[in-house]
Amino acid sequence: MKCPACRDLNNRVIDSRLGKDGDVIRRRRECEKCGRRFTTYERVEDYLPSVVKKDGRRETFDRLKVLAGLKKACEKRPISVETIEETADAIERNLLEAGDKEVPSSVVGEAIMTALHDLDSVAYVRFASVYRSFQDIDEFVDELEDLLKERRGARKSRRKRSAAGKVGGANRPSSE
Ligand SMILES: [Zn+2]
C-alpha cells in the first residue's frame, strides 16, 4: 500500500471495518513518513489471519470450522441456524478488524466459548468441556469433522455412538 502523497510503503492501520456484504475490508491508514491518512479497500480473503496451532503449524482461518464447532455445540438446542451463522460471522469479523496476521488457535477457541456463553448455557458447557480436554480448537474441530464425515459417508465404522441421522434442523422445543 503506497502512500498517495509520498509513495512511501510504510504505514500503519488506524481503523478497519468489514463491509456490509462481508467481502471487502475498509482500512484507514496513516503514512509513517508524511502522516497522510488514506483509505484502502481490500478483499477479505487476502486478510484472513493464519491460525497458529499449538505445534506451530499454521493454516488460514476457516469460518467453516468455527461454524462446525458452533453447530456441534448447539445440536438439539433451541438456537436457529441464522443465529449460529451470525455468531460465526461475528467471530470472523472481530478477527479481521483486529488486523493481526497470525492468531493463536486458543484465541479462536476462546472467541467461540465467549459467544456460546452469551448464547446458550448448555451449548457453552458442552463446548467448553470438550474444548478443555482438547485444548486446541483445531484438534476439536478436526475431531468434529471426522465425526461428521462418518455420519455422512459412513465409510468408516460407526462405533462412536449411534449415528442417527440428524441432517435437517431437528431442534426439539426446549422447556427453558
Ligand atoms: Zn506519505
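The buried residues of helix H2 pack against strands E1 and E2, helix H1 (63-73), strand E6 (102-104) and helix H3 (105-119). Here, helices (H or I, at least four residues) and strands (E, at least two) are DSSP runs, numbered from the N terminus. Two residues are in contact if their C-beta atoms, placed from the backbone, lie within 7 Å. The model is predicted: local features need pLDDT of at least 70 and side-chain atom pairs count only at pLDDT 80 or more, while totals for chains, interfaces and linings use all residues. Residues are numbered from 1 along each chain as its sequence is written.

**Helices H2 and H3**

The buried residues of H2 are Ile84, Thr87, Ala88, Ile91, Glu92, Leu95 and Leu96. A residue is buried if 20 or more other C-beta atoms lie within 10 Å of its own, exposed if 12 or fewer, and partly exposed in between, with C-beta atoms placed from the backbone. In H3, Ser105, Val108, Gly109, Ile112, Ala115 and Leu116 are buried. These residues of H3 line one face of the helix, because they fall within an arc of 130° seen down its axis; the arc is that of the directions from the helix axis to the C-beta atoms.

The expected span of a helix is 1.5 Å times one less than its number of residues.

| Helix | Residues | Expected span | Distance between end C-alpha atoms |
|---|---|---|---|
| H3 | 15 residues | 21 Å | 21 Å |

Just after H2, glycine 99 has a positive phi of about 75°.

H2 (residues 81-98) lies across E1 and E2 and runs at about 160° to E1. Axes are lines fitted to C-alpha atoms, for helices over the stretch in contact, and angles run from 0 to 180 degrees between N-to-C directions. E1 and E2 belong to an open sheet of three strands in the order E1-E2-E3, with antiparallel pairing. Strands E1 (11-18) and E3 (37-43) are the edges, each pairing on one side only. Two strands pair if DSSP finds at least two bridges between them; E1 and E2 (residues 24-31) are joined by seven bridges. Arginine 12 has glutamate 30 in E2 as its bridge partner.

**The nonpolar core**

A nonpolar core is a set of buried Ala, Val, Leu, Ile, Met, Phe, Trp, Tyr and Cys residues joined through C-beta atoms within 7 Å. The largest one has 19 residues, and Leu70 and Ile112 have the most contacts inside it. H1, H2, H3 and helix H4 (121-134) each supply at least two residues of this core, and H2 gives the largest share, five residues. Beyond its neighbours within four places in sequence, leucine 70 is in contact with Ile84, Thr87, Ala88 and Ile112.
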